[in-house]
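Come along and I will jot down what I looked up, one entry at a time.

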Amino acid sequence: MNVVRSIGLTGGIGSGKSTVAALLVQAGCHLVDTDAIARELTLAGGAALPAIAEAFGASLIGADGALDRAAMRTLAFGDATAKARLESILHPLIGAEAARRAAQAGTRPVVFDVPLLAESRHWRARVERVLVVDCSPATQVQRVAARAGWNEESARRVIAQQAPRERRRAIADAVIFNDGLPLDALAGEVRALAAWWFAA
């Protein structure tokens, strides 16, 4: 079996994908977090802000000069056209920055953390393997509703907008079912997968 050099990591909101990403870094991988890139692009002075302000109006830019993420989330998840327009601004910038960061990996395997990988043909074609972190919708709602600024209703609304579990699992080369799994057991699964995919 050839050693895997790049994987796409995905999972629904609240699945524990970020925890798995951190464990993969501990296992020697180089992480490219596309959600973190998106946030950086929309901070004060971020490269995406001029186009976002032009497309949606200056009211979407907060007093701190950054994107008002709560207002943008409400708009994008309530209007498919607005969501598509936002993605058309962000995705090319995210792709370019992700490629730049991946080039810094050296000999380490690259993990592209992509929340919406199942919705994107581009990302599926770009990686050698796809790892899906999965859990039940009830667990997703519970975890997300516990976050600051969220509640059960907002959690369910975002989950409904994301690809269904079946669609994510259908593109997976491996699935970690992270529902009630203790952290040490989760870490063990990640280490075993890393040994399988990345060992020479």
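**Entry 1: ground rules.** Before anything on helix directions, I noted that axes are lines fitted to C-alpha atoms, for helices over the stretch in contact, and that angles run from 0 to 180 degrees between N-to-C directions. I also noted that this is a predicted model, where local features need pLDDT of at least 70 and side-chain atom pairs count only at pLDDT 80 or more, while totals for chains, interfaces and linings use all residues. Residues are numbered from 1 along each chain as its sequence is written, and side-chain values use heavy atoms, with hydrogens and water left out. Helices (H or I, at least four residues) and strands (E, at least two) are DSSP runs, numbered from the N terminus.

**Entry 2: the sheet.** In what order do the five strands of the open sheet run? I read it as E2-E3-E1-E4-E5, with parallel pairing; two strands pair if DSSP finds at least two bridges between them. E2 and strand E5 (174-177) are the edge strands, each pairing on one side only. From one strand to the next, the twist averages 20 degrees.

**Entry 3: helices on the sheet.** H5 packs on the sheet and touches E2 and E3, where contact means heavy atoms within 4.5 Å. The direction of H5 makes about 170 degrees with that of E2. I then looked up helix H10 (residues 183-198), which lies across E1, E4 and E5 and runs at about 170 degrees to E5.

**Entry 4: strand E1.** I wanted to know how many of the six residues of E1 are buried. Six of the six are, so E1 is largely enclosed by the rest of the structure; buried means under 20% relative accessible area, exposed over 50%, and partly exposed in between (1.4 Å probe, protein chains only). Ser-6, Gly-8 and Thr-10 point one way from E1, and Ile-7, Leu-9 and Gly-11 point the other way.
Strand E1 (residues 6-11) pairs with E3 in the parallel sense over four bridges, and with E4, also in the parallel sense, over five bridges. Leu-9 stands opposite Asp-113 in E3 and opposite Leu-131 in E4. The bridge partner of Gly-8 in E3 is Phe-112.

**Entry 5: the cores.** Nonpolar side chains tend to be buried together in soluble globular proteins. I counted as a nonpolar core a set of buried Ala, Val, Leu, Ile, Met, Phe, Trp, Tyr and Cys residues joined through side-chain atoms within 4.5 Å. The largest one has 28 residues, and Val-32, Ile-52, Phe-56, Met-72 and Phe-112 have the most contacts inside it. H2, H3, helix H4 (69-78), H5, E3 and strand E4 (129-134) each supply at least two residues of this core. H5 gives the largest share, seven residues. Apart from this core lies another, of 20 residues, among them Leu-9, Leu-24, Cys-29 and Leu-186.
I took a second look at Met-72: leaving aside its neighbours within four places in sequence, Met-72 is in contact with Phe-56, Leu-60, Leu-67 and Leu-86.

**Entry 6: an aromatic pair.** Rings of Phe, Tyr and Trp (its six-membered ring) pair if their centres lie within 6.5 Å; planes under 30 degrees apart count as stacked, over 60 as edge-to-face and the rest as tilted. By this rule I found two aromatic pairs. Phe-112 and Trp-123 form a tilted one, 5.2 Å centre to centre with 50 degrees between the planes. Phe-112 lies in strand E3 and Trp-123 in helix H6, so the pair ties together parts that are eleven residues apart in sequence. Phe-112 is buried at 5% relative accessibility, and Trp-123 is buried with a relative accessible area of 8%.

**Entry 7: helix H2.** Which residues of helix H2 (residues 34-41) are buried? Thr-34, Ala-36, Ile-37, Ala-38 and Leu-41 are. They pack against strand E2 (30-33), helix H3 (49-56), helix H5 (80-102), strand E3 (110-113) and helix H6 (121-126). Asp-33 caps the N-terminal end of H2, with a side-chain oxygen 3.0 Å from the backbone nitrogen of Asp-35.

Entry 8: Ser-154 is found in helix H8 (residues 152-161). I noted Ser-154 as buried, with a relative accessible area of 12%.

Technical notes. A polar contact is a pair of N or O atoms within 3.5 Å; within protein, one must be able to donate a hydrogen and the other to accept it, and residues adjacent in sequence count only if both atoms are side-chain atoms.
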